[in-house]
Amino acid sequence: MKTTGEVVGVIANLVTVKTFGPVAQNEICYIELGNIRLMAEVIKIKGENAFVQVFESTRGLGIGAKVEFQGNMLEATLGPGILTRIYDGLQNDLKAMEDVFLQRGTYNDPLDMNSTWEFTPLCNVGDIVVAGNWLGWVPEGWLEHKIMVPFKCKGQYKVKSIKEKGTYKITDTIAVIENEEGEELPVTMIQKWPVKVPVTAFTSKPRPKYTLETGIRAIDTFNPIAEGGTGFIPGPFGAGKTVLQHAISKQADAQVIIIAACGERANEVVETFVEFPELDDPHTGRKLMERTVIIANTSNMPVSAREASVYTAMTIGEYYRAMGYKVLLLADSTSRWAQALREMSNRLEELPGQDAFPMDLSAIISEFYARAGYVYLPNGKTGSVTFLGTVSPAGGNLKEPVTESTKKAARCFYALQQSRADSKRYPAIDPLESYSKYLEYEEIQKTLEEKFGAGWTELVTRAKTYVQRGKEANEQINILGDDSVPVEYHDRFWKSELIDFVILQQDSFDVTDANCPMERQKMMFELVMSICDGKRDFKDFEECSSYYKRLINTLRQMNYSEWKSEQFDKYMNQVNDILNEKK
Amino acid sequence: MSAFQKTYTHLTALTKATVTLKATGAANDELAKVDGRLAQVVKINGNEVTLQVFEGTNGIPTNAEVEFLGHSPMLKVSHELCGRFFDAYGHPLDGADIQGEERETGGPTVNPYKRKQPSELIPTGIAGIDLNNTLVSGQKIPFFADPNQPYNQVMAMVALRADVDRIILGGMGLTNDDYLFYRNAFDNAGVLDKIVAFVNTTDNPPVERLLVPDMALTAAEYFAVDNNEKVLVLLTDMTLYADALAIVSNRMDQIPSKDSMPGSLYSDLAKIYEKAVQLPSGGSITILAVTTLNGGDITHAVPDNTGYITEGQLFLRNDSEIGKVIIDPFRSLSRLKQLVAGKKTRRDHPQVMNAAIRLYADAANAKTKLENGFDLSDYDNRALAFAKDYSERLLAIDVNIPINEMLDTAWKLFAKYFSKSEVAIKEEIMNEFWPKAE
């Protein structure tokens with residue numbers, strides 16, 4: 001029997017409902033308005049009144065409207081067919097909606113309930129299984145989409161029956177499992193999971209030990225992100241957050257990419273779904289769209305669904321992680337999500353924290369980031385969710401609550417700097433402010449040294465020192481004038497420019513330079529570092545700057561040339577010639 | 001809603017902007033008349049209903065008559081809108097009522113999946129826009145301008161030159177003089193039948209402004225969605241709109257966030273700007289807005305939130321070298337320009353644009369050197385001379401030439417002041433377009 005209720009108050013999308021029975025925190029309900037039903041979530045309960053946030057416009061709603069509580073929290077529907085879809089924050093399938101306008105109260109199935117899939121069993125009758133164990137798989141694009149023991153199952157189950165290899169409907173029972181009390185549970189290809197609850201169907205979550213390549217030198221070489229790690233990109237508008245995230249989503253070495261467009265421009269989402277079906281995945285050669293899911297809650301869509309959108313995205317990520325895949329989740333922008341929390345907290349008349357954000361903002365953010373991770377699955381295999389969020393700090397000032405709270409939660413920090421963006425030094429990731437905590441992890445250091453040779457982390461640290469010293473030298477030059485400082489200062493400055501122009505800067509609109517594989521990054525980085533380690537004498541600062549300018553120009557041509565092509569070798573020889581001048 | 005609407009005559013609370021009364025059957029966002037003034041339901045708590053009175057509550061007695069109208073703000077849409085000026089409520093300012101279908105303002109959102117990628121160039125004749133920051137149909141872009149800059153003139157000029165089917169003006173807090181300026185400008189250009197205007201002047205109560213963008217965009221949707229037209233919406237001044245939001249939120253006892261603005265400012269502005277769209281049927285809504293700055297401060301909450309929402313911004317700047325207002329090539333940005341530059345325009349466009357801006361930046365550096373008392377090289381002097389010409393002949397807002405002529409002008413200036421290697425454009429393009437010696 002579902003609990004019912006009646007609307008007794010309305011302020012914008014916060015509605016007060018008088019309840020006639022038990023309700024739960026975060027329970028979903030529908031409010032009747034004429035012949036449509038508006039979806040809402042309980043966010044506070046006081047006496048017999050439940051306060052619900054409505055995921056739609058409440059225009060026209062008055063007291064007395066009937067409410068029906070659903071007995072469940074906001075759930076994601078998980079099953080084969082999620083990839084390539086474009087969902088809104090509540091997991092409605094936007095492609096399947098016919099109207100040009102999103103009519104409120106219109107909800108549809110996240111998956112095609114009539115689809116059929118080629119099922120292959122992975123277990124036998126009598127097997128003992130737990131939540132997250134793989135019962136079988138169906139091909140979803142090029143991925144093996146595992147059909148798992150539902151995450152909500154507690155304790156051990158015994159497989160009573162399992163379907164043979166064959167084609168089945170998504171809603172068909174493909175297995176029956178039985179718990180220790182002898183209760184049978186039929187399993188279909190679909191399961192549901194409440195989005196705000198972390199999926200814990202794994203045995204352990206060790207510290208990350210591998211890196212996740214993005215093809216971006218300023219990240220992979222300078223401040224690598226770990227597979228299963230977390231990072232964030234704060235930056236003022238126009239600093240290139242979105243271009244950077246797009247580049248990562250195109251190039252990253254992950255099997256599933258989830259893009260949560262959270263409160264951002266609709267035209268940017270359009271760009272993704274116009275481009276991705278055309279572009280190739282550099283790792284598999286398949287179309288990028290085949291490994292991508294987009295959760296689009298653009299800035300003009302209902303604010304409360306914005307909060308739901310990041311959780312929906314994370315839940316889908318955890319679902320694919322449980323299948324043993326490397327998942328990368330990108331959210332642009334987490335500030336908009338925080339603002340949605342602020343609006344609701346304000347209407348609930350909670351005492352505000354800094355900048356009117358809710359007091360528990362920091363806790364909410366860190367709980368969310370904690371859902372990422374590299375895990376061991378019940379069958380001993382591994383999977384990961386790597387999370388990268390952008391932050392849009394008000395006025396570009398990093399001393400604001402969302403940036404500060406995120407800094408506590410995320411392990412990588414990629415600060416986009418206005419001054420770098422202004423001088424077109426893209427990506428505008430500040431080399432000195434930014435950091436990756438993973439570089440300090442012994443596990444990661446070991447991986448890096450195995451991949452790139454002993455002393456790699458030490459080399460990276462040294463590169464950062466060169467950049468730092470170059471910056472200091474430049475300050476001296478600017479204060480005292482070109483002539484009044486020793487030529488070594490110019491040498492120091494130009495070495496840092498060399499690292500900046502050749503390694504840190506990267507042209508995301510150039511076909512070759514946009515994606516730099518690790519082998520190439522290693523070669524270029526070691527080359528640049530060997531140049532920096534060399535000692536050269538210059539008679540004056542003009543000779544120094546023109547020498548390094550020539551070097552930089554030639555090395556950049558190498559970046560633009562196809563790897564190990566004739567052209568590439570030609571420029572390499574030119575670099576050697578320039579270097580030989582100062583032997 | 002029932003046809004019979006009860007009249008209430010007992011207010012239980014009054015503030016500067018709101019009245020509260022006991023009433024049944026009121027709906028959220030519904031309009032009402034309080035003592036003859038238009039008001040809107042903003043809060044329902046049991047049988048207590050709070051209404052926001054747009055004109056303010058001066059002189060309203062506790063026994064004022066309150067009558068609920070049974071609907072939220074509406075606009076009558078039809079081709080009779082054309083050539084007419086309306087107030088914030090959609091009532092004609094210039095004569096007889098119009099006939100048309102009544103539509104609720106502030107309607108639903110376009111499904112992002114149904115949007116088309118903007119790809120049509122909107123030429124304006126202004127090189128600071130067409131050449132450097134190309135406007136694309138379905139784009140939303142504001143002018144960031146100081147209050148003393150001639151942004152209304154520039155907007156009117158852009159509107160009149162732009163190749164669009166319909167121009168919708170949403171004026172918020174316009175001075176009466178500026179309102180008359182727009183009227184005359186449209187009238188003199190003989191394009192009044194292309195125009196629809198919704199105007200809230202400084203003579204009107206500030207809170208009324210909140211209705212203007214929704215009115216303008218409802219009209220825009222009628223022309224773009226129902227009639228597949230290319231519509232250009234002008235919104236001036238969005239900072240004054242935001243100020244009105246702050247007033248209301250303050251009076252509703254909401255906790256302010258940065259710069260005393262409501263916490264929902266981003267969503268409030270996004271709801272308006274995201275109405276810009278390229279529709280699958282061919283119609284489009286392009287939004288050109290004005291955000292006035294306080295002393296050029298773009299970190300203030302209004303320009304800051306706007307920058308995160310819009311697809312770029314256009315900066316106006318007084319260039320003392322030539323004594324004219326120019327569109328600043330450094331701080332201005334059109335995020336959609338790469339969708340048309342070199343694709344819908346001549347193929348040398350992106351390269352010419354970048355080279356000119358780079359050389360202009362060299363001039364800026366030379367100028368700094370000069371100001372700091374350092375000697376200038378020959379190159380610096382040529383860069384400075386180029387910058388002056390470039391500013392005068394291309395960046396100034398009074399320039400009005402077709403886009404190919406802008407490109408040709410840029411090439412002439414390159415050849416006049418620089419060598420080919422200094423301009424550093426792809427060789428193949430250079431060979432085709434570099435002016436032949438005469």
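**Sheet, fold and chain contact in a predicted model**

Strand 9 (residues 116-121) of chain A is joined to strand 14 of chain A by four bridges, and the two run antiparallel. Helices (H or I, at least four residues) and strands (E, at least two) are DSSP runs, numbered from the N terminus. Two strands pair if DSSP finds at least two bridges between them. Within this pairing, A:Glu118 lies opposite A:Thr167 of strand 14.

The model is predicted: local features need pLDDT of at least 70, side-chain atom pairs count only at pLDDT 80 or more, and totals for chains, interfaces and linings use all residues. Residues are numbered from 1 along each chain as its sequence is written, while chains are lettered from A and ligands numbered from 1 in the order in which they are written.

Chain A as a whole holds 15 helices and 27 strands. Its C-alpha atoms fill a box of roughly 90 × 55 × 40 Å along the principal axes. Of the 583 residues, 52% count as buried, with 20 or more other C-beta atoms, placed from the backbone, within 10 Å of their own. Among contacts between residues at least 6 apart in sequence, 68% join residues at least 24 apart. Residues are in contact if their C-beta atoms, placed from the backbone, lie within 7 Å.

The contact between the chains takes 49 residues from chain A and 42 residues from chain B. On the chain B side, strand 5 (37-45), helix 6 (265-273) and helix 7 (301-309) give two or more residues each. Helix 7 of chain B supplies the largest share, five residues. This side divides into 18 nonpolar, 15 polar and nine charged residues. Strand pairing also crosses the contact. Strand 1 (residues 4-11) of chain A runs antiparallel to strand 5 of chain B, joined by two bridges. There, A:Gly9 has B:Asn45 as its bridge partner.

Conventions. Contact = placed C-beta atoms within 7 Å. Nonpolar A, V, L, I, M, F, W, Y, C, P; charged D, E, K, R; others polar. Buried ≥ 20, exposed ≤ 12 C-beta atoms within 10 Å, placed from the backbone.
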